[in-house]
Amino acid sequence: MSALAGWYPTPDGTLRYWDGAQWTPHFAPAPTASPADAPHPLHALPRPPSSRPVLPQRHPAWWFGYGGLIFVALLGAAGSGVSGLFSLSGFYLLVVALVALVRGRVEWARLRSRAASGVALGVALALTVVGGATANSPEDQPVAAPPASTAPVPASHAPSTASPSPSPSAILTAQSASPTATPTRTPAASKPPAPRATAAKGTALAAVAMLAVKGRAPKTGYSREQFGQTWFDTDRNGCDTRNDMLRRDLVDRDMKNWCKVLAGTRSPDPFTGADVRFVVGGGSEIDVDHVVALSDAWQKGAAKWSAGKRLAFANDPLNLLAVDAGTNRSKGDGDVATWLPPNKPYRCTYVARVVAVKVKYEVWVTAAEREAMVRVLSNCATTALPGPGPAPTTAALPKSVPKATTESAAPPALEPKAPSNVYYKNCDAVRAAGADPIRIGQPGYAPHLDGDSDGMGCEG
């Protein structure tokens with residue numbers, strides 16, 4: 001327990017004032033002898049003024065104390081919100097507490113003892129931790145404004161407008177929406193979308209919006225014969241469609257005549273990226289592929305087409321490519337959702353061609369196929385939509401073979417017979433008559449004129 005405040009003698013004979021907590025700088029001369037009934041000389045001395053030094057006005061400590069507290073409060077509130085106020089105030093109080101612990105007390109902080117300094121230190125640490133945690137919380141972070149939506153570009157092909165959030169289906173939906181329509185927000189839990197790209201007029205990506213989306217119909221009733229005679233000469237140029245495509249796509253060709261390709265090279269093959277050599281009678285190195293498979297078209301609208309439209313579809317150069325046979329057969333009747341060429345750099349061109357064929361013939365797509373089209377074409381949004389080409393969407397049918405009228409009648413011949421009054425002994429006779437090359441079904445055609453049995457005689 002501390003002694004009472006008062007004057008106490010010192011070894012040098014003077015008096016020094018004890019304020020109850022510490023010695024003060026106040027001294028007084030020792031009192032002289034006095035009568036017994038006089039008051040004790042120590043108590044007769046006047047009480048000295050407070051031993052605590054009064055800080056002068058505008059003392060640096062005042063500026064550091066009260067001015068610093070106001071500064072950090074305003075800075076925290078204006079710049080960082082509640083979290084900044086906690087952090088800065090906690091840091092300030094931490095400095096004050098440390099100073100108080102070293103010096104024992106600080107007048108302007110009202111910390112009268114080391115115990116109070118310890119409490120202040122704990123509070124400072126707590127404020128600092130709370131401020132730091134609050135600053136790192138998601139709620140305290142600034143929220144970025146959502147990007148402005150891009151209005152769809154009006155075009156004859158209904159181009160797609162892209163953004164980083166909707167799925168490919170949303171891209172195509174936005175193409176047909178009004179420019180003032182409010183975009184639909186994608187739910188937060190939805191699957192991450194495929195990349196988006198702006199679809200300009202005339203691009204394959206824009207044309208995807210023109211395709212109807214339906215489910216796949218049954219394959220019931222499909223056969224290759226539903227699309228007419230194989231490799232029929234729909235353009236009436238005197239050469240079957242297969243040889244037309246081989247002449248178009250192969251280089252370094254060896255020809256039997258102007259029509260028939262005996263050998264050539266696909267350089268490069270679009271499906272594999274490698275060179276593929278073709279030789280008649282070889283191991284079928286080259287197939288002429290239907291880009292949109294006939295079976296796929298049958299299940300997406302062709303089952304209700306006329307025979308002339310199906311014949312045109314099967315022989316349209318837009319829908320045909322000479323490609324590596326093995327890779328083509330791995331495709332089967334797959335659509336874009338189930339098969340893409342192994343040669344990745346060619347995929348954009350391939351999908352663009354599929355879109356062009358389906359737009360020309362109004363073949364619908366499934367939702368999965370449309371998603372796949374948009375996913376591929378979004379990586380090459382400037383890829384142009386191939387033109388429809390000169391081939392019409394309906395071809396003239398070949399003359400049909402008359403049906404038997406009675407049960408006893410012989411079945412119709414597989415090949416039409418030439419009239420009995422037209423006969424050519426050999427190809428020289430055909431050429432002399434100006435009938436070369438002579439095709440199956442034409443007057444005078446006979447198997448002895450067609451040595452390779454390809455349906456066309458006297459080609460050389």
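Predicted model: local features only at pLDDT ≥ 70, side-chain atom pairs only at ≥ 80, totals over all residues.
Residues are numbered from 1 along each chain as its sequence is written, and side-chain values use heavy atoms, with hydrogens and water left out.

**Aromatic pairs**

- A pair of aromatic rings is described by the distance of the centres and the angle of the planes.
- The structure holds 15 aromatic pairs; rings of Phe, Tyr and Trp (its six-membered ring) pair if their centres lie within 6.5 Å, and planes under 30 degrees apart count as stacked, over 60 as edge-to-face and the rest as tilted.
- Phe227 and Trp298 make an edge-to-face pair, because their ring centres are 6.4 Å apart and their planes sit at 65 degrees.
- That pair links distant parts of the chain, 71 residues apart: Phe227 is in the loop between α5 (204–207) and α6 (241–249), and Trp298 is in helix α7 (residues 294–298). Helices (H or I, at least four residues) and strands (E, at least two) are DSSP runs, numbered from the N terminus.
- Phe227 and Trp298 are both buried, where buried means under 20% relative accessible area, exposed over 50% and partly exposed in between (1.4 Å probe, protein chains only).
- Trp339 and Tyr350 also pair edge-to-face, with 5.8 Å centre to centre and 75 degrees between the planes.
- Here Trp339 is in the loop between α9 (325–331) and α10 (347–361), with Tyr350 in helix α10, 11 residues apart. Trp339 and Tyr350 are buried too.
- Ring pairs also tie Tyr222, Phe227, Trp298, Trp305, Phe313 and Tyr361 into a cluster.

**Helix α10**

- The 15 residues of α10 reach 21 Å from first C-alpha to last, close to the 21 Å expected at 1.5 Å a residue; the expected span is 1.5 Å times one less than the number of residues.
- α10 is mostly covered, with 12 of its 15 residues buried. Among them are Tyr350, Arg353, Lys358, Lys360 and Tyr361.

- Three strands form an open sheet in the order β4-β5-β6, with antiparallel pairing; two strands pair if DSSP finds at least two bridges between them.
- β4 (251–255) and β6 are the edge strands, each pairing on one side only.
- From one strand to the next, the twist averages 5 degrees.
- β5 and β6 pair over four bridges in the antiparallel sense, and Ala263 has Val279 in β6 as its bridge partner.
- α6 lies across β4, β5 and β6, running at about 45 degrees to β5. Contact means heavy atoms within 4.5 Å; axes are lines fitted to C-alpha atoms, for helices over the stretch in contact, and angles run from 0 to 180 degrees between N-to-C directions.

- Most residues other than glycine have a negative phi, and most peptide bonds are trans.
- Ser267 and Pro268 are joined by a cis peptide bond, with omega about -10 degrees. Pro268 sits in the loop between β5 (261–266) and β6 (276–279).
- Trp231 has a positive phi, near 55 degrees, and lies in the loop between α5 and α6. Trp231 counts as buried because its relative accessibility is 18%.
- Glu362 is in the loop between α10 and α11 (367–377), and its 63% relative accessibility makes Glu362 count as exposed.
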